[in-house]
Amino acid sequence: MDNKVFSEIFARAREQHPLVHHITNYVTVNDCANITLCAGGAPVMADAREEAGEMAGFAGALVLNIGTLNPGIIESMILAGNVANERRIPVILDPVGAGATRLRTESTRRLLEELKIAIIKGNAGEIGVLAGADAKVRGVDSAGITGDPVTITRTFARETGITVVMSGATDIISDGKRILLVENGHPRMGAISGTGCMVTSVTGVCAAVEKDRVMAAATALAAFGMAGEQAAAASKGPGSFKPALFDAMAALAPEALLAGARVRSA
Amino acid sequence: MDNKVFSEIFARAREQHPLVHHITNYVTVNDCANITLCAGGAPVMADAREEAGEMAGFAGALVLNIGTLNPGIIESMILAGNVANERRIPVILDPVGAGATRLRTESTRRLLEELKIAIIKGNAGEIGVLAGADAKVRGVDSAGITGDPVTITRTFARETGITVVMSGATDIISDGKRILLVENGHPRMGAISGTGCMVTSVTGVCAAVEKDRVMAAATALAAFGMAGEQAAAASKGPGSFKPALFDAMAALAPEALLAGARVRSA
Amino acid sequence: MDNKVFSEIFARAREQHPLVHHITNYVTVNDCANITLCAGGAPVMADAREEAGEMAGFAGALVLNIGTLNPGIIESMILAGNVANERRIPVILDPVGAGATRLRTESTRRLLEELKIAIIKGNAGEIGVLAGADAKVRGVDSAGITGDPVTITRTFARETGITVVMSGATDIISDGKRILLVENGHPRMGAISGTGCMVTSVTGVCAAVEKDRVMAAATALAAFGMAGEQAAAASKGPGSFKPALFDAMAALAPEALLAGARVRSA
């Protein structure tokens, strides 16, 4: 692919410094805030129903992450999502652990029904369960999927009208027509908690500045993956990897995506 | 200024190891706990209404931070604040995002009305909005203020009887009469989430051991700013900056403030 | 002691990758997730009453930590604990701050009454208060205990049928009959927030793969203490200590416990 588009989107993120409103979990929330800053965005977290909608109205993108959800949080997500939908602010959904418990699966289905989601990003198990495939989730980790992941991703996207990202060693992105595969990343990203949540935040940053959801997602996955590659080279283990990941993300120049993004059409 | 007073206050913080009770947000709470330890204090976080007041009664200072507030949290803040007020335990308020949403602005006004706040610390937008100036807040960041920040800070302090800290490249501290300007710090502090919350925690540590609110706040801002300067020199980006910030804060000797604190009267 | 048993338990943890469900506080939750990964486990955090029990049913161990509790969280702990008890999944309790406030003390007593706890881990003040000894807790720190800690620990274990861990410079473990003392660790572990919570998570990982509670706890305390020793040697202060701690824990080979575990019978 011509990586120029990714470089341009990432440059725009750094220039426009978009506000990214998060309603997210309390496990990785600090990582989400910091990676948003490193990617060029301005993070804000506000989950009370009394302000979730108002805050969403000011944002360039709304990130919904169900990592530690409860019924009250879902209500706030609906309120914020409705405001975002009205104002054409893209809503990015990370269905953490969907498939592991009924609450997570059913809450995700409700969000998908009641809101217009721009991009959904999950692991193979999460996306597989939501797509109706034979898939399993153990805690917040994928425990396998039967069938061709690319087909499942594309079909789910086509049926829902949502841009779907199935993350993995190779990330799959589809809007039902186009399919992009992103090869960036490093196994050490799975050795720490939060990389899945963080890439969703970066996707929010990119979606705030680019209407083409597939290209926005690919930019985020490639950029974050490149940061992960650099951080792995600069670290000794998962502990030193995390500060190195933030350093690499913050230092990543848009032009670096020209040579570094490993994205191809399938 | 003669920096001896700052050095002495900071030495006392390290000697007395004051308990600093926090009712704070879940984004930066871990950073607040760690910086409190690094500054010599003992952090505790307890926000349930069933124990917030009881815990506050044991503390040397109470830090209230509305970064991820909801109505229940505000009730706990009132309960804890009332106990602190009765026992003359200083209450430090960080009105994160006041001005961005009605909930944040109105909750802050309620805390200011119902509690006797010793020190309030916010960015130019937050303090400006609360002071009735022409100011804006975007998410949790200042989006500008019209008018002279020093005058706004001093007037707000005079009218409320609260020691006001308007943080920025130059921090402004006033109790309505005195005005101190603190020049310590480094731009990289704005590249991570949580430095604003952390300096409020350090202010809690210092206020627990020094009755003069202006001097307590100046000590905290100078010490934390010095740690930021040292951490910036020792780091490559925002990721490595954060561990370096904790290292620098923990290693900061009270005597270092004699030469390092850059505080002047305005 | 023959350290082979600890090495074998730790090897099993890394092989089996047990799911460790946490209902824990929002201060140190990210550290708990990461140390669980570094120790070989798979962390999941789910505290809503709508899913806490269901998620617990899939886990190898359930960790309950009352660091920032409220009445709703206690209900979720009871629900999850009941499921764990039915399915013989070990429940590990960290009574953070028990003794500091009535809510914490009474909630801990309720958990001890209504659930079958496998292992309880607290500092001298927390365990002392719960054991009915003359002990004090200040915030979340031990403020001293009167009497012989070993006797208090053993007696409390004998009376409750719970394996008790009293953490400190020397950790004391007893099931009422056996007493093990673990000497691993480093003072710098007390300079950061979260090491107490983290070792409880590691205990969960080990208890998921070893039925002998005393041996599981000793393995966790020795392994985590060894990681702390190595991290202290590799760091300059509390900030750099934390990433080094995760690196050391992740790199710790089971065989390293053969020479490195400093565990003895009392």
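Chain C of this predicted model can be superposed on chain B with an RMSD of 0.0 Å by a turn of 120° and a shift of 0.0 Å along the axis, where copies are superposed by least squares on the C-alpha atoms of residues with pLDDT of at least 70 in both. In the same way, chain B can be laid on chain A with an RMSD of 0.0 Å, by a turn of 120° and a shift of 0.0 Å along the axis. The two copies are thus related as by a three-fold rotation axis. Of the residues of chain C, Tyr26(C) comes closest to the rotation axis, its C-alpha lying at 3.6 Å, and of the residues of chain B it is Tyr26(B) that comes closest, at 3.6 Å (C-alpha).

Residues are numbered from 1 along each chain as its sequence is written, while chains are lettered from A and ligands numbered from 1 in the order in which they are written. Because the model is predicted, local features need pLDDT of at least 70 and side-chain atom pairs count only at pLDDT 80 or more, whereas totals for chains, interfaces and linings use all residues.

**Where the chains meet**

Two residues are in contact if their C-beta atoms, placed from the backbone, lie within 7 Å. The contact between chains C and B takes 27 residues from chain C and 28 residues from chain B. On the side of chain C that touches chain B, helix H5 (102–114) and helix H10 (238–251) of chain C each supply at least two residues, helices (H or I, at least four residues) and strands (E, at least two) being DSSP runs numbered from the N terminus. The largest share of this side, five residues, comes from H10(C). Its residues divide into 11 nonpolar, 10 polar and six charged, where Ala, Val, Leu, Ile, Met, Phe, Trp, Tyr, Cys and Pro count as nonpolar, Asp, Glu, Lys and Arg as charged, and the others, Gly among them, as polar.

Turning to the next pair of chains, 27 residues of chain B are in contact with 28 residues of chain A. The side of chain B that touches chain A receives the most from H10(B), with five residues, and its residues divide into 11 nonpolar, 10 polar and six charged. Only 15% of the interface residues of chain C are also interface residues in chain B, so the copies meet through different surfaces.

**Two helices in contact**

H10(B) and H10(C) pack with their axes 5 Å apart and at an angle of about 135°; axes are lines fitted to C-alpha atoms, for helices over the stretch in contact, and angles run from 0 to 180 degrees between N-to-C directions. That makes H10(B) oblique to H10(C), since angles under 35 degrees count as roughly parallel, over 145 as roughly antiparallel, 65 to 115 as roughly perpendicular and the rest as oblique. Among the residues of H10(B) in this contact are Lys242(B), Leu245(B) and Phe246(B), and those of H10(C) include Pro238(C) and Ser240(C). The residues of the contact divide into seven nonpolar, two polar and three charged.

**Inside chain B**

A residue is buried if 20 or more other C-beta atoms lie within 10 Å of its own, exposed if 12 or fewer, and partly exposed in between, with C-beta atoms placed from the backbone.

| Residue | C-beta neighbours within 10 Å | Class |
|---|---|---|
| Thr36(B) | 27 | buried |

Thr36(B) lies in helix H2 (residues 29–38) of chain B, and, not counting residues up to four places away in sequence, it touches Val20(B), Gly41(B), Pro43(B), Ser201(B) and Val205(B). The C-alpha atom of Thr36(B) is separated by 21 Å from that of Arg88(B), the two residues being 52 residues apart along the chain.

Arg88(B) is placed in the loop between helix H4 (71–86) and strand S4 (91–94) of chain B, and its phi is near 60°, a positive value in a residue other than glycine. His17(B), in the loop between helix H1 (4–16) and strand S1 (19–23) of chain B, has a positive phi of about 50° although it is not a glycine.
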